Amino acid sequence: MRGTILSGIVLNALLASAACPFMQAGGENPHEKRDKVTGDDGFLDQFVVNDANTYTTTDFGRGRGPTLLEDFVMRTKITRFDHERIPERAVHARGAAAHGYFESYGDWSNITAASFLNTAGKQTPIFLRFSTVAGSRGSADTARDVHGFSLRFYTDQGNYDIVGNNIPVFFIQDAIQFPDLIHAVKPRPDNEIPQAATAHDSAWDFFSSNPSTMHTLMWALSGHGIPRSFRHIDGFGVHTFRFVTDEGKSKLIKWHFKSKQGRASVTWPEAQALAGKNADYHRQDLHDAIENGHFPEWEVGVQIMEESDVLRFGYDLLDPTKIVPVEDVPITPIGKFILNRNTMNYFAETEQSMFCPGHIVRGIDFSEDPLLQGRLFSYVDTQLNRNMGSPNFEQIPINRPRVTVHNNNRDGAGQQMLHSNISPYSENTLNEGAPYAANMTHGQGFFTAPERRVNGAYIREKSPTFMDFWSQPRLFLNSLSPAELQMVINAARFELSNVKSKNVQKRVIAQFNRISNELATRVAKALGLEAPAPETKYYHNNKTSDVSTFGNPLSSIATLNVGILASTSSAKSVAQAQEIAAALKAKGANPTVIAEHLADGVGATYSGADAVLFDGIIIADDTRKVFTSQSSLYPVGRPVQIVRDAFYYGKPVAAVGAGKAGFSQAAVDEKVKGVYTADAWANIEAEFETGLKQFKFLDRFPIDE
Ligand code: HDE
């Protein structure tokens, strides 16, 4: 169908030359009296529009005449296009998600009435969205950040959302501070710089002014802030929640989701390089792993505590800046989940997924954690904004529960349901009282723990039990290896050297000093600041276990990316690289042969390849040429650079036969751990695989004197 366009230029010319047929010749113009707003102080007069004696313009002023709007195909298409975007998430805008299922290990009805936990082997569909917090929707995956872990269970009693993170604690203790935290962390209001980063003044101004941030910061500055992939992170519910049984007995719990792939992180220089080499690194990894049948898996566990334990351990279980060390309460595994299906449509599923911590099911209850209480309001509110004001976001396919919904809520923009009940009110008699009120005894209704009581003075004040900000960050640092501690220190040095205000830098050092004099002193040194005197009253030597992201071997080499350097100038090198690739592929790894140009069996070129894109590098035999001469096919020195970078990023590197030329050109010391050489691949194959599982060789990173 074609529209008829009436030329605006012709029309304008006509209008300009002719006298207006509607112009009144003298006499009173009835529109004139509307030039002023009666009874106003004059302010509104500037907005009054009087159309008398005017010609049509566009919304933006002078127009060139109308275009006929009867081309409805064009109009519909353009209108649809104009409305394609919805507001991105105010936080956690950048993310990726997948579908899967949860499987309960047993019948847990002794601790919770939640139906998805009431039978061994019972499966429940899930949707899990991973994210970073600060960056906008198009930001790079590898920005240093806390990572979102939003898990939805589509249970047979409705949706249960655990909107958690990969770090078990949070920055603040009271919801009213959330807008302040985010304003401080997000880019500057004047120039919107920097994107997806906290290495700036306002973020550290806020952190140093609010010591509740210190614990989460220590985790974010460690490997937890820069994971290797979404599949290699753990998840936490963060807040303390409640389990409630059918009989109404409750316990306090904390959720733990432990990656069965293992935890692994990249180094900061890698994360920075990856942001440029592949900004979609994490979403691609998740998508490819699932597409290739390597379904990531997590074990689901809970720490179970009695109601009376709230203050038992020397910290407040309602304080979201505290972990419950596993030495205080072990984790009870109760099930596992698997991600086995990619989304079909990113917008419809991932972008429109609208999680709410208030989505709970029977058998689960909240706690009085003030941060959690604020979240119960914020998420519904934010979803209303993202769904253009309509509460029917719950009816979008990805958000719909897998059970039918019965209540007296009606209408609203985009209503999808045809409610047949013409008595949508309670109590009613005309619909025989239905839908009936569900409660503890009838209809398996929602209930909160019946014994829950709250009391207190009506004041805005933090609990005195929330005032220890420094002992758990210290617990975390005490529990890291020297190499990991060095990474935290280096990360703090990087962040703070980008802070311009000396005053803010000093305030941060003062906070760090309450955690550890060593931390404060070593960071201060890089900033050219004086080392502070120890504040020993804050210090202790306690440790906890299982908080490292390095040094826990991965469960297998499956899905790991291995680059095999070859040269198209030598058929021997390409043939050997292909053989090595076939052997690695058979074990589920993801090998790529790299050479000067694409060819049979060569999957990438030196111009496109980079060490950050691989978890380990192997140099095939007979590749001397690419290390000792230049080529116009790739940037100068790229093959040597790949070897050198892989080494300094702590990756396993191997060379076969004359491939050792790569090591000598890149000044790689062959005697260092994780560096393998042999005349035949078979002689180092097993060692290299162990190296891949070990993932990072931390002794290659220098440690402060
Ligand atoms: Fe969120 N948070 N948050 N948050 N959060 C949002 O909701 C908020 C907090 C978390 O994958 C928003 O749907 C407040 C803690 C994740 O779609 C918003 C407070 C934890 C996601 C919001 C917190 C989280 C969000 C923005 C302090 C870990 C991504 C878009 C009271 C336990 C959800 C949206 C997804 C998203 C508010 C604190 C995790 C604005 C007010 C603590 C994983 O509603």
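Begin by selecting Glu-427, which sits in the loop between helix 9 and helix 10 (471-478); helices here are DSSP runs of H or I with at least four residues, strands are runs of E with at least two, and both are numbered from the N terminus. A cis peptide bond, with omega about -10°, joins Ser-426 to Glu-427. The model is a predicted one, in which local features require pLDDT of at least 70 and side-chain atom pairs count only at pLDDT 80 or more, whereas totals for chains, interfaces and linings use all residues. Residue numbers start from 1 along each chain as its sequence is written.

Next, select Pro-435, which has its place in the loop between helix 9 and helix 10. The peptide bond that leads from Ala-434 to Pro-435 is cis, with omega near -5°. Most peptide bonds are trans, and most residues other than glycine have a negative phi.

Gln-444 is also found in the loop between helix 9 and helix 10. Although Gln-444 is not a glycine, its phi is positive, at about 50°. The classes rest on C-beta atoms placed from the backbone: a residue is buried if 20 or more others lie within 10 Å of its own, exposed if 12 or fewer do, and partly exposed in between.

The phi of Thr-559 is about 75°, although the residue is not a glycine. Thr-559 counts as buried, with 20 C-beta neighbours inside 10 Å.

Two strands pair if DSSP finds at least two bridges between them. Strand 15 and strand 16 pair in the parallel sense over four bridges, and Val-653 stands opposite Val-675 in strand 16.

Which residues of helix 18 (residues 685-694) are buried? They are Phe-688, Glu-689, Gly-691 and Leu-692. These residues cover an arc of only 155° around the axis, which puts them on the same side of helix 18; the arc is that of the directions from the helix axis to the C-beta atoms. The buried residues of helix 18 pack against strand 14 (616-619), strand 15 (653-656) and strand 16 (675-678), where contact means C-beta atoms, placed from the backbone, within 7 Å. After helix 18 comes Phe-695, whose phi is positive, near 80°.

**Helix 3 and helix 4**

Move to helix 3 (residues 178-185) and helix 4 (residues 201-209), which pack at about 145° with their axes 7 Å apart. Asp-180, Leu-181, Ala-184 and Val-185 of helix 3 meet Ser-202, Ala-203, Asp-205 and Phe-206 of helix 4. The residues of this contact divide into five nonpolar, one polar and two charged. Ala, Val, Leu, Ile, Met, Phe, Trp, Tyr, Cys and Pro count as nonpolar, Asp, Glu, Lys and Arg as charged, and the others, including Gly, as polar.

Within helix 3, Leu-181, Ala-184 and Val-185 are buried. Seen down the axis, the buried residues of helix 3 fall within an arc of 95°, so they line one face of the helix. Helix 4 is part of what covers them. Pro-179 and His-183 are exposed on the other side of helix 3.

**The ligand**

Finally, select the ligand and the 26 residues around it, of which Arg-89, His-92, Gly-148, Ser-150 and Ala-175 come nearest. A residue is near a molecule if its C-beta atom, placed from the backbone, lies within 6 Å of it. Strand 2 (123-132), strand 3 (147-155), strand 4 (158-165) and helix 9 (370-386) each supply at least two residues of this shell. Helix 9 gives the most, with six residues. The shell divides into twelve nonpolar, eleven polar and three charged residues.

Technical notes
Axes fitted to C-alpha atoms, helices over the stretch in contact; angles between N-to-C directions. Contact = placed C-beta atoms within 7 Å.
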